[in-house]
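Student: Could you help me read the cavities of a protein model? I would like the general idea first, and then the case at hand.

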Amino acid sequence: MPELPEVEVVRAGLAPAVTGARIAAVDVLDERALTRHDAASGDFERLTTGAVIRAVVRRGKFLWLPIGEVAGRIPGDGRNDSRPRAIVGHLGMSGQMLLRTPDHPGDDRHARIRLHLEHPAHGELRVDFVDQRTFGSLAVDRMVATADGEVAGFSADVTGEWARSVPTQVSHIARDPLDPAFDDDLLFERMSRRASGVKRMLLDQGVVSGIGNIYADESLWAVGLHGEQPASSLSRPRRVELLRAVRDVLGKALVEGGTSFDAQYVNVNGQSGYFAHSLNAYGRAGEPCPRCGTPIVREAFMNRSSHRCPRCQRLRRRRAATAR
DNA sequence: CGACTAGCCTGAAGGC
DNA sequence: TGCCTTCAGGCTAGTC
């Protein structure tokens with residue numbers, strides 16, 4: 001469930017608590033949480049233990065924590081590679097980053113990885129990576145300079161030496177629509193070359209990141225577009241409209257998620273339904289469209305579901321294609 | 001290169 | 001009561 005707004009809530013909650021903290025110890029409780037960690041680069045525990053967390057950064061649905069040296073020691077493999085590293089995290093479907101006190105009972109059935117931290121101001125604390133369905137993961141990764149030279153993602157501090165670097169695992173992920181460096185014209189241009197449906201494109205993290213099934217459906221509902229409408233068939237004004245809707249939907253969800261956020265408990269499971277009460281199409285099959293009253297329909301799409309209003313969101317075929 | 005799909009995974013919910 | 005199927009869906013790797 002976590003899409004851009006939920007991941008940003010996690011980032012914003014985590015950042016003040018862990019920035020500047022030293023990783024005193026690491027418990028890997030389930031190796032499956034390290035599926036994206038390249039074992040050849042070194043042992044996850046060894047690469048992280050002793051490191052200091054410099055920031056918490058997000059691009060789309062990816063989070064990363066740049067880590068640096070502490071007390072004269074550079075955590076690493078000793079191969080004298082000075083490129084900075086980061087702990088990269090993806091929450092997958094059910095991942096959570098739970099901020100806890102060190103004495104919190106360790107009875108979490110789905111706790112996969114624990115980071116025991118020492119913060120100069122806040123003392124000892126713990127970050128538990130909890131993930132029921134194990135689609136999420138943590139990894140240590142090298143950082144590379146961003147292709148456009150701009151700040152890599154969203155964080156409070158954009159002046160650190162890591163600010164214009166992105167983990168290699170995230171380098172192929174496009175910027176998200178709320179990123180100040182997002183290139184609107186580049187997106188519109190790429191749409192011209194997309195014969196596939198506009199929803200498929202919205203979900204392609206290499207084109208525009210941060211959007212999942214929920215906010216894709218909501219954005220398409222907002223502008224009255226059918227998800228199977230070929231991206232290349234949209235006029236420029238329609239593309240502009242769609243991007244504006246995406247930003248609006250993500251932004252509103254962010255505000256709502258942010259207001260219901262409890263700093264002591266970073267929950268991204270969607271259980272508290274950050275945005276659930278303001279959904280217009282997603283998950284509302286059979287219920288009246290808030291705009292026209294026609295029942296919302298649910299349709300199979302890419303091994304999941306699409307929700308749309310059959311009246312407001314019609315497929316508009318080109319005249320040439322339907323000529324009889 | 002773009003387009004598209006299988007597979008990864010667990011727990012809740014519904015049918016019989 | 002209990003077994004079975006379906007559903008949730010982000011991402012990667014692979015084919016065409």
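Student: Which helix and which strand each supply at least two residues of the lining of the largest cavity?

Tutor: Helices (H or I, at least four residues) and strands (E, at least two) are DSSP runs, numbered from the N terminus. Here they are helix 1 (4–18) and strand 8 (123–131). This is a predicted model, where local features need pLDDT of at least 70, side-chain atom pairs count only at pLDDT 80 or more, and totals for chains, interfaces and linings use all residues. Residues are numbered from 1 along each chain as its sequence is written, and side-chain values use heavy atoms, with hydrogens and water left out.

Student: What is a cavity, and how many of 30 Å³ or more does the structure hold?

Tutor: On a 1 Å grid over the protein atoms alone, a cavity is a set of points where a 1.4 Å probe fits but cannot get out; lining residues have an atom within 4 Å of a point.

Student: Which residues line the largest cavity?

Tutor: Among them are Leu14, Val18, Val127 and Phe129. The lining divides into 10 nonpolar, no polar and no charged residues, with Ala, Val, Leu, Ile, Met, Phe, Trp, Tyr, Cys and Pro counted as nonpolar, Asp, Glu, Lys and Arg as charged, and the others, Gly among them, as polar.

Student: Which helix gives the most to the lining of the second largest cavity?

Tutor: Helix 6 does, with four residues. That lining has 10 nonpolar residues, no polar and one charged, and Arg239 is one of its members.

How values were computed:
Chains are lettered from A and ligands numbered from 1 in the order in which they are written. On a 1 Å grid over the protein atoms alone, a cavity is a set of points where a 1.4 Å probe fits but cannot get out, and a pocket is an open set with protein on both sides within 12 Å along at least five of seven lines; lining residues have an atom within 4 Å of a point.
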